[in-house]
2 protein chains.
Amino acid sequence: MANNIIAVDWGGTHVRACLLDLDIGEIGTIRHEKIAYVKGDENFDNLKNILGDWLRDYQHAPLYLCGMIGSREGWVDAGYVECPSGLDEIFDAVKIIEHEGRGIYFIPGIKSLANDGLYDDVMRGEETQILGVIVRDRATQILCLPGTHSKWAIVENAKIQQFYTFMTGELYKLMSQYSILRYSIASNRPKVCDAFHLGLTEAKADIGILSRLFSLRAMDIGGKFAANDAPSYLSGLLLGSEIQGALNVMPTQSITLVGDGAQIDMYETALKFFGLNVSRPDGDTAVFIGLGAIARMNKTRGISG
Amino acid sequence: MANNIIAVDWGGTHVRACLLDLDIGEIGTIRHEKIAYVKGDENFDNLKNILGDWLRDYQHAPLYLCGMIGSREGWVDAGYVECPSGLDEIFDAVKIIEHEGRGIYFIPGIKSLANDGLYDDVMRGEETQILGVIVRDRATQILCLPGTHSKWAIVENAKIQQFYTFMTGELYKLMSQYSILRYSIASNRPKVCDAFHLGLTEAKADIGILSRLFSLRAMDIGGKFAANDAPSYLSGLLLGSEIQGALNVMPTQSITLVGDGAQIDMYETALKFFGLNVSRPDGDTAVFIGLGAIARMNKTRGISG
């Protein structure tokens, strides 16, 4: 039992946890909807509710936490390490606290600072997913991690060299729930269909996304497509705009697509629409592989705190 | 008194009205915050509240209405005429009803349909503002009308040939009120300053606005600017993205900037930043000049309904 850890990805929208035996692999996983961050150690009580019997049954298993719980609004601010960063740099910046006789480790985020002041960027949580992918495949690659705030990362020599965030998922939510476009959008979910492909095509237009978004309303008024198609069209516009923008700064033929859930299939379709070869490692477990890698390194080297 | 009309621009966010003597000019103007549209003629009661004594003092003065009140969600659906359209085409499509012994005229919107299915667009209200500008100056020009949904129009031979909508104002509102960026934005208003110019510069980046928006959070976390500067930076990003996109499809050296309010000064600064010559006709009265031109044409030709 000495080799068990509890690995937790505590993000802004949900919490995923894994009881992990470092020698054998996953013992069990838990997925939980978002929980608000509270003050300091009170977060541990929330974690008790999420993790059920794990904390009682594995009294000395260390907790490894990544994601927004390590932000300045979270439990312990683990800060950010600068690009280029890989397992070594992230490991060296892990923050540790003791709580009820157990070590709790907070993984730092990563920041990317360009010399000219442009392209400043931050990520927190995705760096551990990327570590999980790197651990399995050290080849140079460009990764796409779709989400509320999609991340694109350039990995070379097993380090994240640079990355870019796109507010794609959040824009989709804001446009479909709060903007004038909500009147044109039925409540169904986007899917791969003709309207999705039309959105991908329009996203390439030189006029840009601020204008193409409004075309949804014009096309609705003009009866160009049914309200059921509008979510797919909007999704196509936004995914296409993300991919076009990313390729402008990261020309490539191949993409490693990381994540889980239905949206990943739409991203794969969209990436192939842009002519890219797509590989899909198991995104669901990547973050736990990353946390496991940090825990193994702690076994051999120890974390200074 | 026979030459009086009441001209009303009844939009989605506010109502502006003008008591107009077609021979002499403006007698008075009223500005009123948004009023919800109700069913059919009940809108007249709302109008009575807005217009005060005008309807009683000028019992037979016809009402000329443009804007969202003539949409399918409004009072009378005046439909859309197709580009290219100028005073003649818009005049021919005006809808008329009789109410309490008075003629009420609804100005149609304009739609723009590109042959390839792309660039479908609609406007309602702005076409009358543009008519007002054209009546004063018939030279070929490109017009920019900032707003919640900014419009850019190509005018040749005194007709609107083509136009494009940008959701700039709405995006600003959504991002600053509902998105994760709201945590980085103080409640003050945007202004022309270094952060505004930085936003304009970043808007030109090939990576696109979906990514540049998130840079606001990264720069906030990195302490690159004060929270007071964030609204100006966001405004610069969005205005710059609009202008860049518009110039991609409408290369030009000169712009006619139409509108009123504080945001017009920011647009002038932004347009000049992109190297354009800017002329500013009186945007506040353009819509009333346009409605007056339609009323004068009605005097000589009559509206068929």
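**Close-up 1. The loop of chain B that holds B:Pro84.** In this predicted model, B:Pro84 is placed in the loop joining strand S5 (80-82) to strand S6 (85-86) of chain B; strands (E, at least two residues) and helices (H or I, at least four) are DSSP runs, numbered from the N terminus. The peptide bond from B:Cys83 to B:Pro84 is cis, and its omega is near -5 degrees. Residues are numbered from 1 along each chain as its sequence is written, and chains are lettered from A in the order in which they are written. Local features need pLDDT of at least 70, side-chain atom pairs count only at pLDDT 80 or more, and totals for chains, interfaces and linings use all residues, while side-chain values use heavy atoms, with hydrogens and water left out.

**Close-up 2. The loop of chain A that holds A:Pro84.** A:Pro84 lies between strand S5 (80-82) and strand S6 (85-86) of chain A, in the loop. A cis peptide bond, with omega near -5 degrees, runs from A:Cys83 to A:Pro84.

**Close-up 3. A:Asn157 in a loop of chain A.** The loop between strand S12 (150-156) and strand S13 (159-166) of chain A contains A:Asn157. Although A:Asn157 is not a glycine, its phi is positive, at about 55 degrees.

**Close-up 4. Helices H8 (residues 230-249) and H9 (residues 263-273) of chain B.** Their axes (lines fitted to C-alpha atoms over the stretch in contact, with angles from 0 to 180 degrees between N-to-C directions) come within 10 Å and cross at roughly 60 degrees. H8(B) and H9(B) are therefore oblique to each other (angles under 35 degrees count as roughly parallel, over 145 as roughly antiparallel, 65 to 115 as roughly perpendicular and the rest as oblique). In H8(B), B:Ser235, B:Leu239, B:Glu242 and B:Ile243 meet B:Met266, B:Tyr267, B:Ala270 and B:Leu271 of H9(B), where contact means heavy atoms within 4.5 Å. This contact of H8(B) with H9(B) has six nonpolar, one polar and one charged residues (Ala, Val, Leu, Ile, Met, Phe, Trp, Tyr, Cys and Pro count as nonpolar, Asp, Glu, Lys and Arg as charged, and the others, Gly among them, as polar).

**Close-up 5. Helices H8 (residues 230-249) and H9 (residues 263-273) of chain A.** The axes of H8(A) and H9(A) are 10 Å apart, and the helices pack at an angle of about 60 degrees. H8(A) is therefore oblique to H9(A). A:Ser235, A:Leu239, A:Glu242 and A:Ile243 in H8(A) touch A:Met266, A:Tyr267, A:Ala270 and A:Leu271 in H9(A).
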